[in-house]
Amino acid sequence: MAYLQRYNQPLLALMLLHCLAWGPGPTSGGSPGTHCRSGSLKVKLTLCILLSFLPKNSPLFVTMMTQIKSIAILAFAAAAMAQKLDKPALTPDLDYLNQGNIDNHGPTQSTTAGYEAGQIPADCKDRAQAEGHDPADMEVTYVTYTDCADPWVFCRHKDSVPSLVDLQDMFGRVPVGMRDYVKHVMSFPGGQGAYNYGGDIVFFDTAGLTFDVWLHESAHSLDLQGAITGDSATTYSSTDNWVNNYNQDPNVADNYAQSNMVENFAQETVVAIYDKAVPGGFGGVQPSYNNLFHQYATVQGDAGAKIITGGTCNRALQPSGPVSISSTARRTTSAYERPEHTFSQKYSNLRAPNLKANTKDTCKIGHKH
Ligand SMILES: [Zn+2]
(Lines give C-alpha, C1' and ligand atoms only; values in the text may rest on other atoms or scores of the structure.)
Protein backbone atom coordinates (compact mmCIF):
# COMPACT_ATOMS: atom_id res chain seq x y z
CA MET A 1 0.00 0.00 0.00
CA ALA A 2 3.06 2.26 -0.13
CA TYR A 3 2.00 3.88 -3.39
CA LEU A 4 -1.23 5.04 -1.78
CA GLN A 5 0.71 6.87 0.92
CA ARG A 6 3.08 8.27 -1.68
CA TYR A 7 0.24 10.01 -3.48
CA ASN A 8 -1.92 10.56 -0.42
CA GLN A 9 -4.76 10.52 -2.89
CA PRO A 10 -8.07 8.99 -1.83
CA LEU A 11 -9.24 8.95 -5.44
CA LEU A 12 -6.31 6.78 -6.38
CA ALA A 13 -7.34 4.34 -3.68
CA LEU A 14 -10.87 4.37 -5.06
CA MET A 15 -9.60 3.83 -8.54
CA LEU A 16 -7.40 0.95 -7.48
CA LEU A 17 -10.36 -0.67 -5.77
CA HIS A 18 -12.33 -0.21 -8.96
CA CYS A 19 -9.42 -1.63 -10.96
CA LEU A 20 -9.24 -4.71 -8.86
CA ALA A 21 -12.97 -5.28 -8.52
CA TRP A 22 -14.03 -8.29 -10.51
CA GLY A 23 -17.49 -7.35 -11.65
CA PRO A 24 -19.54 -4.97 -13.72
CA GLY A 25 -18.35 -1.42 -14.15
CA PRO A 26 -20.49 1.67 -13.59
CA THR A 27 -24.04 1.08 -14.73
CA SER A 28 -24.85 4.61 -15.75
CA GLY A 29 -22.87 6.31 -18.43
CA GLY A 30 -22.86 8.19 -21.66
CA SER A 31 -21.97 5.42 -24.03
CA PRO A 32 -25.05 3.30 -24.57
CA GLY A 33 -24.46 -0.38 -24.97
CA THR A 34 -21.11 -0.42 -23.25
CA HIS A 35 -21.70 0.75 -19.70
CA CYS A 36 -23.16 -2.49 -18.42
CA ARG A 37 -20.26 -4.62 -19.43
CA SER A 38 -17.41 -5.60 -17.22
CA GLY A 39 -14.22 -3.80 -18.18
CA SER A 40 -11.20 -5.76 -19.33
CA LEU A 41 -9.04 -6.72 -16.38
CA LYS A 42 -5.94 -6.41 -18.53
CA VAL A 43 -6.77 -2.79 -19.38
CA LYS A 44 -7.55 -2.04 -15.75
CA LEU A 45 -4.29 -3.51 -14.50
CA THR A 46 -2.31 -1.60 -17.13
CA LEU A 47 -3.98 1.63 -15.99
CA CYS A 48 -3.23 0.87 -12.36
CA ILE A 49 0.42 0.21 -13.03
CA LEU A 50 0.74 3.26 -15.28
CA LEU A 51 -0.81 5.50 -12.65
CA SER A 52 1.44 4.14 -9.95
CA PHE A 53 4.56 5.21 -11.84
CA LEU A 54 3.42 8.53 -13.34
CA PRO A 55 4.63 11.68 -11.56
CA LYS A 56 1.75 13.17 -9.60
CA ASN A 57 1.92 16.53 -11.36
CA SER A 58 2.26 15.25 -14.92
CA PRO A 59 -0.52 16.31 -17.32
CA LEU A 60 -1.30 12.66 -18.10
CA PHE A 61 -1.72 11.84 -14.42
CA VAL A 62 -4.02 14.84 -13.90
CA THR A 63 -6.11 13.93 -16.96
CA MET A 64 -6.42 10.33 -15.90
CA MET A 65 -7.39 11.24 -12.35
CA THR A 66 -10.08 13.60 -13.69
CA GLN A 67 -11.51 10.75 -15.74
CA ILE A 68 -11.35 8.41 -12.76
CA LYS A 69 -13.13 10.96 -10.59
CA SER A 70 -16.04 11.12 -13.02
CA ILE A 71 -16.17 7.33 -13.19
CA ALA A 72 -16.27 7.17 -9.40
CA ILE A 73 -19.12 9.72 -9.24
CA LEU A 74 -21.03 7.76 -11.85
CA ALA A 75 -20.47 4.55 -9.95
CA PHE A 76 -21.98 6.08 -6.81
CA ALA A 77 -24.92 7.50 -8.79
CA ALA A 78 -25.45 4.12 -10.40
CA ALA A 79 -25.41 2.44 -7.02
CA ALA A 80 -28.16 4.82 -5.85
CA MET A 81 -30.22 4.08 -8.94
CA ALA A 82 -29.89 0.35 -8.52
CA GLN A 83 -31.10 0.46 -4.93
CA LYS A 84 -34.67 -0.78 -4.70
CA LEU A 85 -36.71 0.95 -1.99
CA ASP A 86 -38.27 -1.16 0.73
CA LYS A 87 -41.29 0.99 1.64
CA PRO A 88 -44.64 -0.41 0.47
CA ALA A 89 -46.48 1.25 -2.39
CA LEU A 90 -49.57 3.25 -1.40
CA THR A 91 -51.33 2.19 -4.62
CA PRO A 92 -50.17 -0.11 -7.44
CA ASP A 93 -49.90 2.77 -9.93
CA LEU A 94 -50.73 6.47 -10.33
CA ASP A 95 -53.18 6.08 -13.20
CA TYR A 96 -55.87 7.71 -11.04
CA LEU A 97 -54.01 11.03 -11.17
CA ASN A 98 -53.57 11.36 -14.94
CA GLN A 99 -56.97 12.76 -15.90
CA GLY A 100 -57.00 15.37 -13.14
CA ASN A 101 -53.52 16.47 -14.11
CA ILE A 102 -54.31 16.86 -17.80
CA ASP A 103 -57.62 18.60 -17.09
CA ASN A 104 -55.88 21.18 -14.93
CA HIS A 105 -52.86 21.87 -17.10
CA GLY A 106 -54.09 23.73 -20.16
CA PRO A 107 -52.12 23.75 -23.39
CA THR A 108 -49.74 26.58 -24.30
CA GLN A 109 -50.05 27.91 -27.83
CA SER A 110 -47.14 27.18 -30.10
CA THR A 111 -45.89 27.62 -33.65
CA THR A 112 -43.58 25.36 -35.63
CA ALA A 113 -40.83 25.75 -38.19
CA GLY A 114 -38.73 23.16 -39.99
CA TYR A 115 -35.13 22.59 -38.99
CA GLU A 116 -32.27 23.32 -41.39
CA ALA A 117 -32.18 20.82 -44.25
CA GLY A 118 -29.68 18.00 -43.90
CA GLN A 119 -29.03 18.73 -40.23
CA ILE A 120 -30.19 17.31 -36.93
CA PRO A 121 -29.37 18.15 -33.30
CA ALA A 122 -26.46 16.00 -32.15
CA ASP A 123 -28.52 14.52 -29.29
CA CYS A 124 -31.26 13.37 -31.69
CA LYS A 125 -28.76 11.70 -33.99
CA ASP A 126 -27.17 9.92 -31.03
CA ARG A 127 -30.49 8.71 -29.62
CA ALA A 128 -31.81 7.60 -33.04
CA GLN A 129 -28.68 5.55 -33.64
CA ALA A 130 -28.63 4.17 -30.10
CA GLU A 131 -32.24 3.02 -30.54
CA GLY A 132 -31.50 1.37 -33.88
CA HIS A 133 -33.12 3.98 -36.12
CA ASP A 134 -31.84 5.87 -39.14
CA PRO A 135 -31.37 9.57 -38.24
CA ALA A 136 -32.71 10.36 -41.73
CA ASP A 137 -36.13 9.11 -40.54
CA MET A 138 -36.33 11.79 -37.87
CA GLU A 139 -38.58 14.79 -38.45
CA VAL A 140 -36.88 17.75 -36.79
CA THR A 141 -38.98 20.78 -35.89
CA TYR A 142 -38.61 24.02 -33.98
CA VAL A 143 -41.53 24.42 -31.58
CA THR A 144 -41.92 27.91 -30.12
CA TYR A 145 -44.39 28.42 -27.27
CA THR A 146 -45.91 31.78 -26.42
CA ASP A 147 -44.21 31.74 -23.01
CA CYS A 148 -40.67 31.47 -24.40
CA ALA A 149 -38.82 33.39 -27.09
CA ASP A 150 -36.58 30.45 -27.95
CA PRO A 151 -37.90 27.26 -29.49
CA TRP A 152 -37.41 23.71 -28.31
CA VAL A 153 -36.22 21.34 -31.04
CA PHE A 154 -38.42 18.24 -31.29
CA CYS A 155 -37.18 15.08 -33.03
CA ARG A 156 -40.02 12.78 -34.03
CA HIS A 157 -39.43 9.54 -35.87
CA LYS A 158 -41.68 9.45 -38.94
CA ASP A 159 -43.42 6.29 -37.61
CA SER A 160 -43.91 7.60 -34.06
CA VAL A 161 -47.42 6.94 -32.70
CA PRO A 162 -47.99 10.45 -31.29
CA SER A 163 -48.18 13.09 -34.03
CA LEU A 164 -46.15 16.27 -33.84
CA VAL A 165 -49.35 18.05 -32.76
CA ASP A 166 -49.82 15.51 -29.94
CA LEU A 167 -46.25 16.09 -28.74
CA GLN A 168 -46.58 19.89 -28.99
CA ASP A 169 -49.81 19.81 -27.04
CA MET A 170 -48.50 17.59 -24.24
CA PHE A 171 -45.23 19.44 -23.75
CA GLY A 172 -47.08 22.77 -23.72
CA ARG A 173 -49.11 21.53 -20.74
CA VAL A 174 -45.96 20.84 -18.69
CA PRO A 175 -45.24 23.85 -16.41
CA VAL A 176 -42.69 26.09 -18.11
CA GLY A 177 -40.40 25.88 -15.06
CA MET A 178 -40.03 22.16 -15.82
CA ARG A 179 -39.73 22.63 -19.60
CA ASP A 180 -36.75 24.87 -18.82
CA TYR A 181 -34.80 21.74 -17.83
CA VAL A 182 -35.67 19.74 -20.95
CA LYS A 183 -33.24 19.92 -23.85
CA HIS A 184 -35.05 18.03 -26.59
CA VAL A 185 -38.28 16.09 -26.99
CA MET A 186 -38.03 12.83 -28.96
CA SER A 187 -40.52 10.13 -29.91
CA PHE A 188 -39.82 6.74 -31.48
CA PRO A 189 -42.00 3.83 -32.59
CA GLY A 190 -41.72 0.45 -30.89
CA GLY A 191 -40.26 -0.33 -27.50
CA GLN A 192 -42.09 0.81 -24.40
CA GLY A 193 -42.17 3.60 -21.90
CA ALA A 194 -39.93 6.61 -21.84
CA TYR A 195 -36.69 7.79 -20.33
CA ASN A 196 -34.67 10.89 -19.63
CA TYR A 197 -31.22 11.05 -21.15
CA GLY A 198 -29.01 13.97 -20.19
CA GLY A 199 -32.03 16.31 -20.12
CA ASP A 200 -33.64 14.93 -23.28
CA ILE A 201 -37.03 13.27 -22.80
CA VAL A 202 -37.48 10.27 -25.04
CA PHE A 203 -40.81 8.49 -25.63
CA PHE A 204 -41.59 5.14 -27.23
CA ASP A 205 -44.75 3.72 -28.75
CA THR A 206 -47.79 5.38 -27.09
CA ALA A 207 -46.00 6.79 -23.99
CA GLY A 208 -46.02 10.32 -25.41
CA LEU A 209 -49.83 10.32 -25.24
CA THR A 210 -49.98 10.05 -21.43
CA PHE A 211 -49.56 13.37 -19.65
CA ASP A 212 -48.28 11.96 -16.37
CA VAL A 213 -45.39 10.33 -18.25
CA TRP A 214 -44.41 13.82 -19.46
CA LEU A 215 -44.54 15.10 -15.89
CA HIS A 216 -42.51 12.10 -14.69
CA GLU A 217 -39.80 12.54 -17.35
CA SER A 218 -39.64 16.30 -16.82
CA ALA A 219 -39.35 15.65 -13.07
CA HIS A 220 -36.23 13.57 -13.80
CA SER A 221 -34.76 16.66 -15.45
CA LEU A 222 -35.46 18.75 -12.35
CA ASP A 223 -33.70 16.12 -10.26
CA LEU A 224 -30.82 15.13 -12.52
CA GLN A 225 -30.05 18.54 -14.05
CA GLY A 226 -29.78 20.41 -10.76
CA ALA A 227 -32.96 22.49 -10.91
CA ILE A 228 -33.35 22.36 -7.15
CA THR A 229 -29.77 21.92 -5.97
CA GLY A 230 -28.52 24.60 -8.39
CA ASP A 231 -25.74 22.30 -9.53
CA SER A 232 -26.16 19.77 -12.32
CA ALA A 233 -23.55 17.54 -10.68
CA THR A 234 -25.72 17.06 -7.57
CA THR A 235 -29.01 15.21 -7.91
CA TYR A 236 -31.78 16.36 -5.61
CA SER A 237 -32.98 12.82 -4.89
CA SER A 238 -29.62 12.08 -3.28
CA THR A 239 -29.68 15.03 -0.87
CA ASP A 240 -30.03 14.56 2.89
CA ASN A 241 -33.10 16.77 2.91
CA TRP A 242 -34.91 14.55 0.42
CA VAL A 243 -33.84 11.30 2.06
CA ASN A 244 -34.77 12.58 5.55
CA ASN A 245 -38.28 13.44 4.37
CA TYR A 246 -38.60 10.14 2.56
CA ASN A 247 -37.65 8.43 5.83
CA GLN A 248 -40.59 10.05 7.63
CA ASP A 249 -43.29 8.58 5.35
CA PRO A 250 -44.58 5.00 5.65
CA ASN A 251 -45.15 4.59 1.89
CA VAL A 252 -43.94 5.48 -1.56
CA ALA A 253 -46.48 6.51 -4.17
CA ASP A 254 -46.72 3.32 -6.23
CA ASN A 255 -44.95 0.17 -7.36
CA TYR A 256 -42.84 2.04 -9.88
CA ALA A 257 -41.62 4.45 -7.21
CA GLN A 258 -40.09 1.46 -5.42
CA SER A 259 -37.61 1.00 -8.30
CA ASN A 260 -35.07 3.39 -6.79
CA MET A 261 -34.84 6.87 -5.28
CA VAL A 262 -34.60 8.60 -8.67
CA GLU A 263 -37.85 7.01 -9.86
CA ASN A 264 -39.44 7.66 -6.48
CA PHE A 265 -38.67 11.36 -6.71
CA ALA A 266 -40.25 11.50 -10.18
CA GLN A 267 -43.43 9.75 -9.01
CA GLU A 268 -43.74 11.89 -5.86
CA THR A 269 -43.41 14.94 -8.12
CA VAL A 270 -46.41 13.74 -10.15
CA VAL A 271 -48.31 13.58 -6.83
CA ALA A 272 -47.01 17.02 -5.78
CA ILE A 273 -48.14 18.57 -9.05
CA TYR A 274 -51.57 16.98 -8.80
CA ASP A 275 -51.98 18.23 -5.24
CA LYS A 276 -51.16 21.81 -6.30
CA ALA A 277 -53.10 21.92 -9.57
CA VAL A 278 -56.24 19.88 -9.06
CA PRO A 279 -59.09 21.31 -6.93
CA GLY A 280 -59.42 19.25 -3.76
CA GLY A 281 -55.75 18.25 -3.99
CA PHE A 282 -54.28 14.81 -3.51
CA GLY A 283 -56.36 14.35 -0.36
CA GLY A 284 -59.47 14.63 -2.51
CA VAL A 285 -58.70 11.33 -4.24
CA GLN A 286 -56.50 9.60 -1.69
CA PRO A 287 -57.71 9.28 1.94
CA SER A 288 -54.24 8.09 3.00
CA TYR A 289 -52.54 11.14 1.48
CA ASN A 290 -50.71 11.65 4.76
CA ASN A 291 -48.65 8.51 4.08
CA LEU A 292 -46.78 10.41 1.34
CA PHE A 293 -47.06 13.86 2.82
CA HIS A 294 -43.41 14.52 3.69
CA GLN A 295 -42.32 13.55 0.22
CA TYR A 296 -44.76 15.48 -1.92
CA ALA A 297 -44.80 18.51 0.40
CA THR A 298 -41.00 18.61 0.21
CA VAL A 299 -41.14 18.60 -3.59
CA GLN A 300 -43.68 21.43 -3.43
CA GLY A 301 -41.56 23.44 -1.01
CA ASP A 302 -38.25 22.95 -2.78
CA ALA A 303 -39.32 23.00 -6.45
CA GLY A 304 -41.61 25.96 -5.71
CA ALA A 305 -42.91 27.78 -8.79
CA LYS A 306 -41.14 25.41 -11.17
CA ILE A 307 -43.96 22.87 -10.88
CA ILE A 308 -46.77 25.44 -11.10
CA THR A 309 -48.32 26.49 -14.41
CA GLY A 310 -47.71 30.08 -15.50
CA GLY A 311 -44.85 32.50 -15.99
CA THR A 312 -42.23 32.58 -18.71
CA CYS A 313 -39.19 30.48 -19.50
CA ASN A 314 -35.72 30.85 -18.07
CA ARG A 315 -33.99 28.08 -19.97
CA ALA A 316 -31.43 26.01 -18.10
CA LEU A 317 -30.20 23.77 -20.91
CA GLN A 318 -29.31 24.93 -24.37
CA PRO A 319 -30.20 22.50 -27.15
CA SER A 320 -27.44 20.35 -28.58
CA GLY A 321 -25.75 21.74 -31.66
CA PRO A 322 -26.49 20.75 -35.27
CA VAL A 323 -24.70 17.91 -37.03
CA SER A 324 -25.10 16.44 -40.50
CA ILE A 325 -27.81 13.77 -40.73
CA SER A 326 -25.89 11.71 -43.23
CA SER A 327 -22.32 12.06 -42.03
CA THR A 328 -20.91 8.96 -40.42
CA ALA A 329 -18.21 10.93 -38.62
CA ARG A 330 -18.21 10.54 -34.86
CA ARG A 331 -19.60 13.59 -33.14
CA THR A 332 -17.16 15.71 -31.24
CA THR A 333 -17.64 17.48 -27.96
CA SER A 334 -17.96 20.74 -29.88
CA ALA A 335 -21.40 19.58 -31.03
CA TYR A 336 -22.49 19.62 -27.41
CA GLU A 337 -20.98 23.02 -26.82
CA ARG A 338 -21.99 24.72 -30.06
CA PRO A 339 -25.26 26.59 -29.64
CA GLU A 340 -28.33 25.61 -31.58
CA HIS A 341 -28.89 27.80 -34.68
CA THR A 342 -31.53 30.01 -33.14
CA PHE A 343 -30.85 29.78 -29.43
CA SER A 344 -30.35 33.23 -27.89
CA GLN A 345 -28.56 32.12 -24.72
CA LYS A 346 -30.05 35.14 -22.95
CA TYR A 347 -30.82 33.28 -19.76
CA SER A 348 -29.51 33.71 -16.25
CA ASN A 349 -30.25 30.07 -15.57
CA LEU A 350 -28.08 28.34 -18.20
CA ARG A 351 -25.86 25.60 -16.89
CA ALA A 352 -23.58 22.86 -18.11
CA PRO A 353 -25.84 19.89 -18.71
CA ASN A 354 -25.22 16.67 -16.87
CA LEU A 355 -24.93 14.66 -20.07
CA LYS A 356 -24.32 11.39 -18.32
CA ALA A 357 -27.32 11.41 -16.00
CA ASN A 358 -29.95 9.16 -17.46
CA THR A 359 -32.68 6.76 -16.52
CA LYS A 360 -32.34 4.59 -19.62
CA ASP A 361 -31.26 1.52 -17.77
CA THR A 362 -29.63 0.50 -14.59
CA CYS A 363 -28.76 -3.00 -15.78
CA LYS A 364 -30.85 -4.55 -13.05
CA ILE A 365 -34.05 -2.73 -13.83
CA GLY A 366 -34.96 -3.86 -17.27
CA HIS A 367 -37.67 -1.54 -18.39
CA LYS A 368 -37.55 2.01 -19.57
CA HIS A 369 -39.36 4.71 -17.72
ZN1 LIG B 1 -38.39 7.45 -14.67
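**Contacts, burial and packing**

Mentor: Leaving aside neighbours within four places in sequence, valine 202 is in contact with Arg127, Met186, Ala194, Tyr195 and Tyr197, where contact means that the C-beta atoms of two residues, placed from the backbone, lie within 7 Å. This is a predicted model, in which local features need pLDDT of at least 70 and side-chain atom pairs count only at pLDDT 80 or more, while totals for chains, interfaces and linings use all residues. Residues are numbered from 1 along each chain as its sequence is written.

Trainee: In which strand is valine 202 found, and is valine 202 buried or exposed?

Mentor: Helices (H or I, at least four residues) and strands (E, at least two) are DSSP runs numbered from the N terminus, and valine 202 belongs to strand β7, residues 200-204. A residue is buried if 20 or more other C-beta atoms lie within 10 Å of its own, exposed if 12 or fewer, and partly exposed in between; valine 202 has 28 such atoms within 10 Å and is therefore buried. Valine 202 also lies 9.3 Å from cysteine 155, C-alpha to C-alpha, although the two are 47 residues apart in sequence.

Trainee: How many residues of helix α6 are buried?

Mentor: Seven of the nine residues of α6 (residues 122-130) are buried, so that this helix is mostly covered; among them are Asp123, Lys125, Asp126 and Arg127. After α6 comes glycine 132, with a positive phi near 80 degrees.

Trainee: At what angle do α11 and α12 pack?

Mentor: Axes are lines fitted to C-alpha atoms, for helices over the stretch in contact, and angles run from 0 to 180 degrees between N-to-C directions. Helix α11 (residues 261-277) and helix α12 (residues 293-303) pack at about 70 degrees, with their axes 8 Å apart. That makes α11 roughly perpendicular to α12, given that angles under 35 degrees count as roughly parallel, over 145 as roughly antiparallel, 65 to 115 as roughly perpendicular and the rest as oblique.

Trainee: Which residues of α5 meet α11?

Mentor: Leu97, Gly100 and Asn101 in α5 meet Val270, Val271, Ile273, Tyr274 and Ala277 in α11. The residues of this contact divide into six nonpolar, two polar and no charged, where Ala, Val, Leu, Ile, Met, Phe, Trp, Tyr, Cys and Pro count as nonpolar, Asp, Glu, Lys and Arg as charged, and the others, Gly among them, as polar. Helix α5 (residues 95-103) packs against α11 at about 45 degrees, with axes 10 Å apart, and the two are therefore oblique to each other.
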